[in-house]
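Here is a short report on a single model.

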Amino acid sequence: MSTSDEHTRRESARADRGVDPGLEPGVDRGQAPAADDDIALIAACVRGNQNAWRELVNRYSRLVFSIPRRYGLDEQSSDDVFQTVFANLSKRLSDLRDPKSLPKWLITAASRATWRILRERKRDATAAAHDGEMVDADTPAPERILQWERQHLVRQALNRLGGRCQALLEALYLDPAKPSYEQISQRLDIPVGSIGPTRSRCLAKLSEVCGGLGFE
Amino acid sequence: MDHMHPTTEQLAAFAAGDLTGTAAQSIRDALESSPNLKAAEMRLRQIIATMQTDDTQTASAFVIERAVTAFAEHVRRPVEASPQPSLIEKVRQVIATLVFDSRTQPALAGFRGTSAGYQLSYETEGGDIDLQVTQGKDANLWKLTGQVALENKNLKGEVKAMIADTGRLAESANIDEHGRFRLAVTTGSYELHVSLVDRVIVLPELDTG
């Protein structure tokens with residue numbers, strides 16, 4: 001899709017969200033959008049609310065931990081990246097210029113911390129040939145950042161959805177064991193023949209929640 | 001099915017591949033005639049695709065708890081607004097914060113600093129500075145290899161190693177357009193002053209040896 005088509009699609013979606021007569025009416029909009037949620041959460045952290053800090057770490061733990069793992073770091077090194085990123089965040093919370101960009105900030109911080117480790121390992125391996133030469137820090141491509149932000153948003157939306165819908169959609173799409181319909185039926189006490197229609201209902205609800213969270 | 005106004009559930013069934021035959025064709029016809037429906041169906045497909053390609057991993061409860069409790073102290077004391085420095089002060093000096101020292105990272109396999117060399121990372125407004133400290137052939141001589149990374153900044157400048165106790169200049173070197181610099185100092189305690197066009201970034205408490 002071209003940039004202009006994408007822009008048009010986004011503008012149409014924003015303008016008509018919730019009023020399109022063809023879409024299901026009366027859908028519960030749920031809680032405040034994640035962007036607003038993050039603003040309130042960050043503000044609470046800056047005021048010293050430790051529960052807010054715990055919530056913030058939990059909310060973004062998957063986003064941050066996944067990045068060093070994707071680059072091949074083991075669990076221990078990924079743990080170090082994780083601690084580094086949240087240590088920096090705790091010091092920089094009050095300086096965040098745009099709280100709505102927190103996901104991007106965390107992605108950048110985690111990527112940078114990961115690449116410092118990888119760069120040092122590469123330097124150790126090639127020290128004889130490249131004495132003192134620094135490797136440029138890597139910055140993830142914009143499409144990868146968008147993908148990682150979307151993964152984060154969808155997971156947040158599933159958490160907000162909760163209940164049977166969250167359980168069903170996670171079983172169908174996110175369970176690495178890839179359970180069969182029969183297994184899902186037994187696990188969730190849903191007739192096999194009802195899984196498809198239930199999935200559609202849950203996807204519709206998930207889409208609404210994702211829209212409210214700023215999924216684009 | 002009202003093919004002119006399919007519900008979101010019907011769109012979801014279509015996006016998930018559950019509809020066939022005339023039911024699917026009805027949806028396709030409706031999508032052709034409504035950009036809003038098309039956008040809604042596109043979002044459903046992207047959400048499904050996002051879940052299908054999810055490669056995220058969760059940190060252990062222990063890792064998360066470490067981050068929560070270890071840094072709760074920073075959160076417990078609310079940051080007080082510091083008085084706005086004057087423009088002259090802003091231009092003059094910015095203190096960088098040490099955020100990583102390989103000598104204090106025992107968990108990093110193969111990355112722990114040694115007596116022969118270690119890695120430091122500093123953060124400052126708008127970027128960071130990486131510093132590699134390695135011992136020269138003379139055990140009393142240390143090579144400092146650094147790189148400044150700032151957003152949209154002219155990185156050419158000068159770096160000075162100031163002796164911590166006396167404030168006297170020990171060594172200096174140029175910073176190239178890529179923000180890289182290299183200088184050598186003897187064993188001791190220093191402050192590095194990284195002078196750029198609009199600021200001086202101070203890397204405090206640099207101990208070699």
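The model is predicted. Chain A has an average pLDDT of 79, and 76% of the residues score at least 70.

| Stretch of chain A | pLDDT | Contacts in the model |
|---|---|---|
| residues 1–33 | under 50 | 36, beyond four places in sequence |
| residues 127–137 | below 50 | 18, beyond near neighbours in sequence |

Where pLDDT is low, the predicted coordinates should not be read in detail.

Next, a helix pair. Two packed helices are described by the distance between their axes and by the angle between them. Helix 8 (residues 181–188) of chain A and helix 9 (residues 192–212) of chain A have axes that come within 9 Å and cross at roughly 85 degrees. Angles of 65 to 115 degrees count as roughly perpendicular, so helix 8 of chain A is roughly perpendicular to helix 9 of chain A. Helix 8 of chain A brings A:Y181, A:E182, A:I184 and A:S185 to the contact, and helix 9 of chain A brings A:V192, A:I195 and A:R199. By class, the residues of this contact are four nonpolar, one polar and two charged.

Finally, one residue. A:A43 sits in helix 2 (residues 34–46) of chain A. Is A:A43 buried or partly exposed? A:A43 has a relative accessible area of 31%, so A:A43 is partly exposed. A:L93 lies 50 residues from A:A43 along the chain, yet their C-alpha atoms are separated by 8.4 Å.

Methods. Residues numbered from 1 in each chain as written. Chains lettered and ligands numbered in written order. Predicted model: local features only at pLDDT ≥ 70, side-chain atom pairs only at ≥ 80, totals over all residues. Heavy atoms only, no water. Helix = DSSP H or I, 4+ residues; strand = E, 2+ residues; numbered from the N terminus. Buried < 20%, exposed > 50% of the residue type's maximum accessible area, 1.4 Å probe, protein only. Axes fitted to C-alpha atoms, helices over the stretch in contact; angles between N-to-C directions. Parallel < 35°, antiparallel > 145°, perpendicular 65-115°, else oblique. Contact = heavy atoms within 4.5 Å. Nonpolar A, V, L, I, M, F, W, Y, C, P; charged D, E, K, R; others polar. pLDDT = per-residue confidence, 0-100.
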